[in-house]
Amino acid sequence: MIDLVSLIYAWRKEEEEKHRRTEDTWWVTDLVRCPLKREFELRYPELVKHQVFTPFFILGDLAHEGVHSVLSRLGRVEFEVEAEKTVALPDGREVRVRGRADAIYYGEGGEKIVIEVKTSRSDAGIPHEHHIDQVRAYLWLHEANEGVLLYVTPDRVTQFPVSDPMTTDEVVERMTSKDYPRYSWECQYCPYSVLCPHKLTKLSR
Ligand code: SF4
């Protein structure tokens, strides 16, 4: 029988490989989540390996592929646009910040619009602060001033404009932050909560 499950598994693994974690690289997603997660990921990579086949994430990735195929009708659009900048940390190290915007649209008037697509189980609370900050980080990385956050949820399909790119100072502050977690809700979904001394529980909130 044709093995479609293995095909999807291999595709997810390929995608995962593109985000290989290294000591001298921060991904944009590291700037908008608990800073400890990056450190734990370097020390205990096995704890998140199973996520490659978490059905909810696969569904999200497949939805992204579908949205990209519709956005391609715009023309003048590039997908999965990767960029990289080098920044200096306060301890003197030079490190890289990398990220892949879902899409960038190049308008006829020369405008450059960063597009980030989000899928979620519901529309409660959108646009989320960490999603807005993610687009702001892409604006900094891609040297753009205009972004769009597109949500595709079972309740609502809508978009929000995002401007205000991060500054390099803000990026460095986020990279070196010791505020654990960055958001109070993070610990309940965190794969490292099984060993983290900073985990927020109901009693510690
Ligand atoms: S459990 Fe909470 S504080 Fe610890 S790494 Fe996860 S999100 Fe951060």
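1. The largest cavity has a volume of about 100 Å³. A cavity is a set of points, on a 1 Å grid over the protein atoms alone, where a 1.4 Å probe fits but cannot get out; volume is the space filled by probe spheres set on the points, which are joined across faces, edges and corners. The model is predicted: local features need pLDDT of at least 70 and side-chain atom pairs pLDDT 80 or more, while totals for chains, interfaces and linings use all residues. Residues are numbered from 1 along each chain as its sequence is written, and side-chain values use heavy atoms, without hydrogens and water.

2. The lining of the largest cavity comprises 14 residues, with Cys34, Pro181, Cys187, Cys190 and Cys196 nearest its centre. Lining residues have an atom within 4 Å of a point.

3. The second largest pocket holds about 250 Å³ of space. A pocket is an open set with protein on both sides within 12 Å along at least five of seven lines. Of its 16 lining residues, Trp26, Arg38, Glu39, Met175 and Lys178 lie nearest the centre. Helix H2 (35-43) and helix H6 (168-176) each give two or more residues to this lining; helices are DSSP runs (H or I, at least four residues) numbered from the N terminus.

4. Helix H1 (residues 4-17) packs against helix H4 (residues 55-71) at an angle of about 80°, the axes being 12 Å apart. H1 is therefore roughly perpendicular to H4 (65 to 115 degrees). Axes are lines fitted to C-alpha atoms over the stretch in contact, and angles run from 0 to 180 degrees between N-to-C directions. Contact (heavy atoms within 4.5 Å) involves Ile8, Trp11 and Arg12 of H1 with Phe57, Ile58, Asp61, Leu62 and Glu65 of H4.

Technical notes: Angles under 35 degrees count as roughly parallel, over 145 as roughly antiparallel, 65 to 115 as roughly perpendicular and the rest as oblique.
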